[in-house]
Amino acid sequence: MSQNPSQEDIEEPITTAPPEVERIIREVIRLEKANLSSDRPRIRSDVLKIIKDQIK
C-alpha cells in the first residue's frame, strides 16, 4: 500500500535548497507549467538560460 506524499514532503527539497538553487527550481517549475499546453516546448534552452542567469 503506497502513501501519497504530503505537500510538505514534495516541497522539502525546494525549501531546504540554497537560495540560488531554490530560484532555479521555482523558475523551471514555472516554465514547465507555461509549456504544458505548448505544441513544441523549448525546455532545454530555457532551462539552461535559467541556470546560467542564476550562476552569474
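Select Arg 26 and Glu 22. Their side chains meet in a salt bridge, with 3.0 Å from N to O. The term salt bridge here means a side-chain nitrogen of Lys or Arg within 4 Å of a carboxyl oxygen of Asp or Glu. Both residues belong to helix H2, which covers residues 19-35. They sit four residues apart, about one turn of the helix. Helices are DSSP runs of H or I with at least four residues, strands are runs of E with at least two, and numbering starts from the N terminus.

Color the pair by accessibility. Arg 26 is partly exposed, at a relative accessible area of 41%. Glu 22 is partly exposed too, at 23%. The classes are set with a 1.4 Å probe and protein chains only: buried is under 20% relative accessible area, exposed is over 50%, and partly exposed lies in between.

Before moving on, note what is on screen. This is a predicted model, in which local features need pLDDT of at least 70 and side-chain atom pairs count only at pLDDT 80 or more, while totals for chains, interfaces and linings use all residues. Residues are numbered from 1 along each chain as its sequence is written, and side-chain values use heavy atoms, with hydrogens and water left out.

**Along helix H2**

Stay in helix H2 and pick Arg 30 and Glu 27. Here is another salt bridge, 3.0 Å from N to O. Arg 30 and Glu 27 are three residues apart in helix H2, so about one helical turn separates them. Arg 30 is partly exposed, with a relative accessible area of 46%. Glu 27 is partly exposed at 30%.

**Over to helix H3**

Next, select Lys 49 and Asp 53. Their side chains form a salt bridge of 2.8 Å, N to O. Both are in helix H3, residues 43-55. They are four residues apart there, so the separation is about one helical turn. Is Lys 49 buried or exposed? Lys 49 is exposed, with a relative accessible area of 51%. Asp 53 is partly exposed, at 37%.

How many salt bridges does a search of the whole structure find? It finds three.

**Between the helices**

Asp 53 lies in helix H3, and Ile 24 lies in helix H2. The two are 29 residues apart in sequence, yet 9.0 Å apart in space, C-alpha to C-alpha. Ile 24 counts as buried because its relative accessibility is 18%.

Ile 24 and Ile 55 are 31 residues apart in sequence and 9.6 Å apart in space, C-alpha to C-alpha.

Move to Leu 31. This residue is in helix H2. Leu 31 counts as buried, at 11% relative accessibility. Draw a distance from Leu 31 to Ile 50. It spans 9.7 Å, C-alpha to C-alpha, for a pair 19 residues apart in sequence.

Zoom in on Glu 11. It is found in helix H1, residues 7-15. At 31% relative accessibility, Glu 11 counts as partly exposed.

**Zoom out**

The protein chain has three helices and zero strands. From the N terminus on, the order is α-α-α. The C-alpha trace spans about 40 × 30 × 15 Å along its principal axes.

What is the radius of gyration of the protein chain? It is 14 Å, whereas a compact globule of 56 residues would have one near 10 Å. The radius is taken over C-alpha atoms, and the globule rule is 2.2 Å times the number of residues to the power 0.38.

The protein chain exposes about 5100 Å², and carbon and sulfur atoms supply 53% of it. Accessible areas come from the Shrake-Rupley method with a 1.4 Å probe; for residues, only the protein chains shown count as cover. Of the 56 residues, 16% count as buried.

Finish by coloring the charges. The mean positions of the 10 positive and 11 negative charges are 11 Å apart. Lys and Arg count as positive, Asp and Glu as negative; His and the chain ends are not counted. Each charge is placed at NZ of Lys, CZ of Arg, CG of Asp or CD of Glu.
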